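The following note gathers comments on the model under review.

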Amino acid sequence: MTSATLGGTSDMTSMERVLNTLTGKPTDRVPLFLPVTLHGAKLLGLTIRDYFSKAEHVVEGQLRLRARYGHDFFYPLSSAAAEAGAWGCEVVYHDDGPPNTGAPVVTRFEQISGLAVPRLDECPGLLRVLEVERQLHQRAAGEVPILGVIIGPTSLPIMQLGFERYLDLLSERPELFERLLQLNEEFCVTWANAQLRAGCTAIGIFEPMISPAMADPSIRRRWAIPSMRRCIARIQGPVVMHGGSARMRGALEDVIAAGAAIVAVSAEDSLEEMAAAAAGRITLVGNLNALDLRRWGPDEAAEQVKRAVAAAGPGRRFILADNHGEIPWQVPDRALLALAEAVRAHGGSA
Amino acid sequence: MTIPTHRHDLANALLELDRVAVQRILQRASPNPAAAIAELEQPVVEALQEIGEAWERGDLSLSQVYMSARLCEELMGESAPPLANARPRVALAVLEDHHLLGKRMVLSILRSAGVAVLDYGSVGVADLAARAVRDGVEVVLVSALMLRSALKVKELIERLGGTARSVRVAVGGAPFRLDTELWREVGADAVGLSAAEAPAIVARLLQAREPAEASR
């Protein structure tokens, strides 16, 4: 595994760059987490459905993407829908965007009593992800971090029930939600640890429900935050808490107390304020606006990288990334190349 | 009627999900609801707008916006079944997605405001355009959750007749919040950054249509 094309000024590998960032040691430049998933299909000339149908496609896509953009992570995620698929949701493929979930599977609250935790060996979509991670682990040769992903136990019900019925469940049948939460936690921890065993370096938990922008204080205090604590305690590797674009400033202290290694910063958060509040107690990742990225040329990319690096502050524990956790299909190659070049040129100066 | 006090009290009661307090405030606003539903709608809409603005500022959560809108809709329905015989001039849909929360909140808020709305659910572009034309609606509110579906509003507008269309299109949803130019890019007539903006947007778009209608 050769060093990333963005390396430039030193022989530092992506893994060294990221580990140094996590531990507050010097780096040659800010690490770049570019969560490109769908773009692998473009590089291989495949439809998105075909691309995700074989582990070999995704491995090849991840290798080519990193060779092209020089970012510092492999990102084996196929889609959030794949996890919902494990619970029986239909996975709907599109030609121009990420796979999405079909109609919710839990249409009556009483169904929750009969649910059981899905077995990973009975979920082809998740087994494929594990195979991608095993192969990437071999190819990374310890030089490139691999970030696995799970959907958090209190956010999974958004796909299992639909968001509005989920909120109705919380207010009308909290005892049934308690049961669903137990099942979801068991599934999430099992799925996360399986990915770590397959070779992932860390696990990203997409859990918008810990964000005060999504859930009110009673939901967060009673369910989302305790669940996050329990999961992080049982996951056998470093955890990134991610709000999937939702503001995280109000969740920062809870995330730090739960023991996460990294927290995502939304484009709607102030990175400067988050960095000041975090005060080196946790690494931040973010907060480029993935939708705006569609329109960026070299000047805008340079300006945004400089803004983020300056906002994260000197001696930063900061990883540059988008705010959503997935680069939209519509973001063109030229914008990603402009971002990569901007990181090379400006990612080392605070 | 002292609306600012009502609005503030009402917003707080809604956020507490205090059904009794909400009913008491509405009765104070209009002691005879059957005769004065319009008097009830005004403080309700303003209270929901206050809640929506607080969410936009990051002071409240989406779950609170939803629960308060749902409670409003229930209580307004009990107070006076709204406009059962009115021909809906407004339709609402989610474009190619099964995440319906945003649409549900807009629906609750519009119904609380006394606006008759056709709920098309989750639909594709062709279906949405055909139904809007068939039903003769004047304003279509479109909720989109992903960038790909948000961009399909452009196709919807073309199917509705492009710039010559008679149906006005307003959009909302996360992509439009995060990319503030997107609604113009797809050619929409308006964007709502929170569900609470829906009554004002609908009123504005319906009003804007009226001179054109009168000249035909």
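1. Nine salt bridges are counted between chain B and chain A in this predicted model. One of them joins the side chains of B:Glu185 and A:Arg294, with an N to O distance of 2.9 Å. Polar contacts across the interface of chain B and chain A involve 18 residue pairs, both residues being at pLDDT 80 or more.

2. On the side of chain B that touches chain A, at least two residues each come from α3 (37-57), α4 (62-79), α5 (101-112), α7 (147-151), α9 (174-178) and α10 (182-185) of chain B. The largest contribution is that of α4(B), with six residues. Sorted by class, this side of chain B holds 13 nonpolar, six polar and 12 charged residues.

3. The contact draws 31 residues from chain B and 36 residues from chain A. About 2600 Å² is buried between chain B and chain A, and 54% of this lies on carbon and sulfur atoms. B:His98, B:Arg148 and B:Leu178 provide 25% of the area that chain B buries against chain A, more than any other three residues.

4. A network of salt bridges links A:Asp168, A:Glu172, B:Arg19, B:Arg70 and B:Glu74. Over all chains, the count reaches 40 salt bridges.

5. Within chain A, the side chains of A:Arg17 and A:Asp72 form a salt bridge at 2.8 Å, N to O. A:Arg17 belongs to helix α1 (residues 14-22) of chain A and A:Asp72 to the loop between α4 (55-69) and α5 (80-86) of chain A, so the pair ties together parts 55 residues apart in sequence. Both A:Arg17 and A:Asp72 are buried.

6. A second pair in chain A has A:Arg249 and A:Glu273 in a salt bridge, their closest N and O atoms lying 3.4 Å apart. Because A:Arg249 sits in the loop between β6 (239-242) and α11 (252-258) of chain A and A:Glu273 in helix α12 (residues 271-278) of chain A, this pair ties together parts that are 24 residues apart in sequence. A:Arg249 is partly exposed, at 31% relative accessibility, and A:Glu273 is partly exposed with a relative accessible area of 45%.

7. As for chain B itself, its secondary structure consists of 11 helices and five strands. Of its 216 residues, 55% count as buried. Among contacts in chain B with a separation of 6 or more, 71% are between residues 24 or more positions apart. The accessible surface of chain B is about 9100 Å², with 52% belonging to carbon and sulfur atoms.

Methods
Residues are numbered from 1 along each chain as its sequence is written. Chains are lettered from A and ligands numbered from 1 in the order in which they are written. This is a predicted model: local features need pLDDT of at least 70, side-chain atom pairs count only at pLDDT 80 or more; totals for chains, interfaces and linings use all residues. Side-chain values use heavy atoms; hydrogens and water are left out. Helices (H or I, at least four residues) and strands (E, at least two) are DSSP runs, numbered from the N terminus. Buried means under 20% relative accessible area, exposed over 50%, partly exposed in between (1.4 Å probe, protein chains only). Contact means heavy atoms within 4.5 Å. Accessible areas come from the Shrake-Rupley method with a 1.4 Å probe; for residues, only the protein chains shown count as cover. Buried area is the accessible area (1.4 Å probe) that two parts lose on being put together, summed over both. A salt bridge is a side-chain nitrogen of Lys or Arg within 4 Å of a carboxyl oxygen of Asp or Glu. A polar contact is a pair of N or O atoms within 3.5 Å; within protein, one must be able to donate a hydrogen and the other to accept it, and residues adjacent in sequence count only if both atoms are side-chain atoms. Ala, Val, Leu, Ile, Met, Phe, Trp, Tyr, Cys and Pro count as nonpolar, Asp, Glu, Lys and Arg as charged, and the others, Gly among them, as polar.
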